[in-house]
Amino acid sequence: GVVYNVTKFLEDHPGGDDVLLSSTAKDATDDFEDVGHSSTARAMLDEYYVGDIDMATIPARTKYAPPKQPHYNQDKTPEFIIKILQFLVPLAILGLAVAIRMYTKSESA
């Protein structure tokens, strides 16, 4: 709920400026707390204080829902033909395997 401008501290930050820049334009409370800053570092925050955030101005977080898209049929084959082939091709392979098995069994007998 508080805003800090640490631009002047970028060059002096012991962890480097990348650490601060990765936390810009967002709530960096967890990032700050996870590091375990000293009381001196916490006291320095007063120097960079800008103001408080009016929580009423923060928009409600919405859950992302991807747009619905129709099924993409790359080769433009009608879907009923694809469904028929998905049934008939494995059936034909099975029939061919049975026929080969019966043929080779009758030859060896």
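**Exercises on a predicted model**

Ile84 has a relative accessible area of 45% and is partly exposed. The structure is a predicted model.

**Exercise 1.** State where Ile84 lies and which nonpolar surface patch it belongs to.

*Solution.* 
Step 1. Ile84 is part of helix 4, which covers residues 79-108.
Step 2. A residue can join a patch only with over 30% relative accessible area, and Ile84 has 45%.
Step 3. The nonpolar patch on the surface includes Ile84, together with Phe80, Ile81, Leu85, Phe87, Leu88, Val89, Leu91, Ile93, Leu94, Val98 and Met102.
Step 4. Together, the residues of this patch have about 1200 Å² of accessible area.

**Exercise 2.** Decide whether Asp31 and Lys26 form a salt bridge, and classify both as buried, partly exposed or exposed.

*Solution.* 
Step 1. Side chains of opposite charge can pair when their charged atoms come close.
Step 2. The cut-off for a salt bridge is 4 Å between the nitrogen and the carboxyl oxygen.
Step 3. For Asp31 and Lys26 the N to O distance is 3.3 Å, so the two side chains meet in a salt bridge.

**Exercise 3.** Find the partner of Glu33 in a salt bridge, and give the count of salt bridges in the model.

*Solution.* 
Step 1. Glu33 pairs with Arg42, and their closest N and O atoms are 3.0 Å apart.
Step 2. Glu33 is partly exposed at 40% relative accessibility, and Arg42 is partly exposed at 35%.
Step 3. The count comes to 2 salt bridges.

Technical notes: Residues are numbered from 1 along each chain as its sequence is written. This is a predicted model: local features need pLDDT of at least 70, side-chain atom pairs count only at pLDDT 80 or more; totals for chains, interfaces and linings use all residues. Side-chain values use heavy atoms; hydrogens and water are left out. Buried means under 20% relative accessible area, exposed over 50%, partly exposed in between (1.4 Å probe, protein chains only). Patches are made of residues with over 30% relative accessible area and no salt bridge: like charges are joined within 9 Å, nonpolar side chains (Val, Leu, Ile, Met, Phe, Trp, Tyr) within 5 Å. Accessible areas come from the Shrake-Rupley method with a 1.4 Å probe; for residues, only the protein chains shown count as cover. Helices (H or I, at least four residues) and strands (E, at least two) are DSSP runs, numbered from the N terminus.
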